[in-house]
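Work through the exercises below with the model open. Each task is followed by a stepwise solution.

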Amino acid sequence: MSLVVQPVQTTKFHQTWPLVKDFLAEALKWSNGDYTEDQAKALLAQGSWLLLVAVDEENKIHGAASVEFINFPNDRVAFITAVGGKALINEDVYKQLCAVLKGFGATKIQCAARESAARLYAKVGFEQKHIILEVSL
């Protein structure tokens with residue numbers, strides 16, 4: 001099965017949300033409280049985040065991702081806030097993801113990941129850049 005990565009226009013978000021919410025909810029379980037499903041839905045609906053879907057030849061959705069764009073002085077970073085689905089981490093899907101995000105002006109892709117996910121993402125070229133530490137105030 002081959003998958004095609006495509007962005008979802010904000011105008012089509014509410015039609016698509018019921019088809020992707022479970023993929024994103026599963027991913028957001030690992031966000032350690034950074035985002036809730038309701039917050040992700042609101043950010044996607046208002047266009048602050050971009051929704052991407054991976055569809056098969058019959059236009060069935062097999063996975064989804066949410067992306068926040070962050071403009072730094074030297075780069076426009078596509079920060080993946082959530083990704084969920086099956087068979088998404090492979091060379092073909094990764095190349096498509098890169099092309100779509102470049103189309104939105106991104107010069108880099110970043111994400112936060114637990115160790116097992118980091119090992120999986122390393123297979124398509126992601127490298128550890130930082131270790132993120134946190135303390136609540």
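Helix axes here are lines fitted to C-alpha atoms over the stretch in contact, and angles run from 0 to 180 degrees between N-to-C directions. The model is predicted.

**Exercise 1. Helix packing**

Task: Find the angle at which helix α1 and helix α2 pack, and classify the pair.

Solution: 
- Step 1. Locate the helices: α1 covers residues 13-28 and α2 covers residues 37-45.
- Step 2. Read the geometry. The angle is about 140°, and the axes lie 10 Å apart.
- Step 3. Apply the cut-off. Angles over 145 degrees count as roughly antiparallel, and 65 to 115 as roughly perpendicular. α1 and α2 are therefore oblique to each other.
- Step 4. List the contact. α1 supplies Phe13, His14, Trp17, Lys21, Leu24, Ala25 and Leu28. α2 supplies Glu37, Ala40, Lys41, Leu44 and Ala45.
- Step 5. Sort by class: eight residues of this contact are nonpolar, one is polar and three are charged.

**Exercise 2. Salt bridges**

Task: State how many salt bridges the structure holds. Then describe the partners.

Solution: 
- Step 1. The count is two.
- Step 2. One joins glutamate 26 to lysine 29, with 3.0 Å between the closest N and O atoms.
- Step 3. Check exposure of this pair. Glutamate 26 is partly exposed at 44% relative accessible area. Lysine 29 reaches 60% and counts as exposed, because the cut-off for exposed is over 50%.
- Step 4. Lysine 108 and aspartate 75 form a salt bridge, their closest N and O atoms being 3.5 Å apart.
- Step 5. Lysine 108 sits in strand β5 and aspartate 75 in the loop between β3 (61-71) and β4 (76-85), so the bridge ties together parts 33 residues apart in sequence.
- Step 6. Lysine 108 is partly exposed, at 37%.

**Exercise 3. Two single residues**

Task: Is glutamine 96 buried or exposed? Where is arginine 114 found?

Solution: 
- Step 1. Glutamine 96 belongs to helix α3, residues 91-103.
- Step 2. Its relative accessible area is 18%; glutamine 96 is therefore buried, the cut-off being under 20%.
- Step 3. Leaving aside neighbours within four places in sequence, glutamine 96 contacts Leu3, Val4 and Val5.
- Step 4. Arginine 114 lies in the loop between β5 (108-111) and α4 (115-122).
- Step 5. Arginine 114 has a relative accessible area of 39%, so this residue is partly exposed.
- Step 6. The C-alpha atoms of arginine 114 and serine 31 are 9.4 Å apart, although 83 residues separate the two along the chain.

Conventions: Residues are numbered from 1 along each chain as its sequence is written. This is a predicted model: local features need pLDDT of at least 70, side-chain atom pairs count only at pLDDT 80 or more; totals for chains, interfaces and linings use all residues. Side-chain values use heavy atoms; hydrogens and water are left out. Helices (H or I, at least four residues) and strands (E, at least two) are DSSP runs, numbered from the N terminus. Buried means under 20% relative accessible area, exposed over 50%, partly exposed in between (1.4 Å probe, protein chains only). A salt bridge is a side-chain nitrogen of Lys or Arg within 4 Å of a carboxyl oxygen of Asp or Glu. Contact means heavy atoms within 4.5 Å. Angles under 35 degrees count as roughly parallel, over 145 as roughly antiparallel, 65 to 115 as roughly perpendicular and the rest as oblique. Ala, Val, Leu, Ile, Met, Phe, Trp, Tyr, Cys and Pro count as nonpolar, Asp, Glu, Lys and Arg as charged, and the others, Gly among them, as polar.
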